[in-house]
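Dear colleague,

Please find the structure below, which I am handing over to you for your studies. My findings are set out after it.

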Amino acid sequence: MTSLMHEEACSSAGFVATQLTQEGARFADLGAALRATPPTSVLTIARGSSDHAAAYAAYLIMSRLGRIVASLPMSLVTLMNAPLHAKDALAIAISQSGQSPDVIEPIRYFREGGATTVALVNDASSPLACAAEWCLPLHAGAEISVAATKSFITSLVAAAQLAGHWHNDPEFLAALAVLPAALHAATEIDWAEAIDVLTPANNIMVVGRGISFPVALEAALKFKETSAIQAEAFSGAEIKHGPMALIDEGYPLMIFATRGPTQAGLIKLAEEMRGRGARVLLAAPADIRERNLTIPVAATPDLDPIVAIQAFYVMAAKLSLARGLNPDKPRHLSKVTKTN
C-alpha cells in the first residue's frame, strides 16, 4: 500500500527541475534588482511548513549576503495595525496556496509602503501572487495530500534561487542546477530503522542546528501531522537546557547532522544522548560511521537540508501507514488554512 503523500514527495525532483528551468531568468532579474538597490531590511512572511522554508531562506541570506532577516509576526499588520516602516524593505512571502489573509495583507501593506515584495507561491493566480510585485511560482504542480511535501521542497529551492541570484554566486547556482539528481537519489534511501523505532512511539525530539534546523522544524510538524506523534524541534545548542529533563531510557531523538560547521557538534550530541539512554536516530551522510540513517549529499553543503527532508518524507509517509493512519488526510486538518 502506498499514499499520495509518498507519491507526491517522490515526484519532487521533476518539479524542482521545472522551477530551475522556467524561473531561473526571473530569479536572475530579481537578484540584479536587489544588488542595484539593496534593501534596508529583510523580513519573511509565512505560516506552517512555509515558515520553515522561510527560516531556511533566512539562514542563506544572512550567511551568504550578511543581511539580517526577521520573521514578521503577521498580527502586527492584520490585527494590531502597527505603524511599520516599509520603505526600501524586502518582504518575502512563502505559501503553497496563496490564500491566507494573514500572508496576503502584510504583502499588500509593505508594497503600498514602498517595499520590494516577493511571493514564492505555488498558485500563480492566487491573491498572494497578485498582491506581490515579484511573483515567483514554485512549479510544484497540484498537491492533493494535506501534508505538504513537494511544495515544501520547491519552496526551499526557490529560497536558494533567490539567495544565489542575489549573491550572484555561479558555483552555488551550478550546484542548484544538479540538485534534481540528488533529490531522486534521496527517494531511494532506506530509513527502515526509523520506522521500526517510531511505529510504537508516543513522542520524539527532532534536532538540527544552523542550516539544518529548518528541516528539524518541518520533520517535527510532519510527525505530529501524519503520525500523531508529539514531536518538538530543538536546536542542538538548546537541547541541553530545559529539554534535557525529558530524556530517559528509550526516548526517541532524531538528529539531522548535515554537512557544515554544526555537524561535529551534532554528532557529539548524538553520542552524549545515547549515553543518557536516548534512542538516537542520527541522520547523516554516508561518511559518518555513527549514523543510523543515511542522507545523500548535494553539490554544496548549504543544499544538503533539501535532500535530507526528501529522504525524511519518504520515511514519514511509510511510518504513518505503519501506525494505521492515513497520511493524506490527517485528522482535523485541511489543505488550505485561512487565518487573520
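Predicted model: local features only at pLDDT ≥ 70, side-chain atom pairs only at ≥ 80, totals over all residues.

Helix H12 comprises the 13 residues 263–275. At 1.5 Å a residue, H12 should span 18 Å, and its end C-alpha atoms are 19 Å apart, which agrees.

The buried residues of H12 are Gln263, Leu266, Ile267, Leu269, Ala270 and Met273. Because these residues cover an arc of only 155° around the axis, they lie on the same side of H12. The background is that an α-helix has 3.6 residues a turn, so residues three or four places apart point the same way. On the face turned away from the buried side, H12 carries the exposed residues Ala264, Lys268, Glu271 and Gly275.

What do the buried residues of H12 pack against? Their partners are strand E6 (203–208), strand E8 (252–256) and strand E9 (279–284). Together, E8, H12 and E9 form a right-handed β-α-β unit. After H12 comes Gly277, with a positive phi near 100°.

Turning to the strands, E8 and E9 pair in the parallel sense over five bridges. Within this part of the structure, Met254 has Leu281 in E9 as its bridge partner. Strand E9 is mostly covered, as five of its six residues are buried. E9 also pairs in the parallel sense with strand E10 (residues 293–294), over two bridges. Here Ala284 stands opposite Thr294 in E10.

Yours sincerely,
A colleague

Note on methods:
Residues numbered from 1 in each chain as written. Heavy atoms only, no water. Helix = DSSP H or I, 4+ residues; strand = E, 2+ residues; numbered from the N terminus. Expected span 1.5 Å × (residues − 1). Buried < 20%, exposed > 50% of the residue type's maximum accessible area, 1.4 Å probe, protein only. Arc of directions from axis to C-beta. Contact = heavy atoms within 4.5 Å. Pairing = 2+ DSSP bridges. Right-handed = clockwise from strand over helix to strand, strands pointing away.
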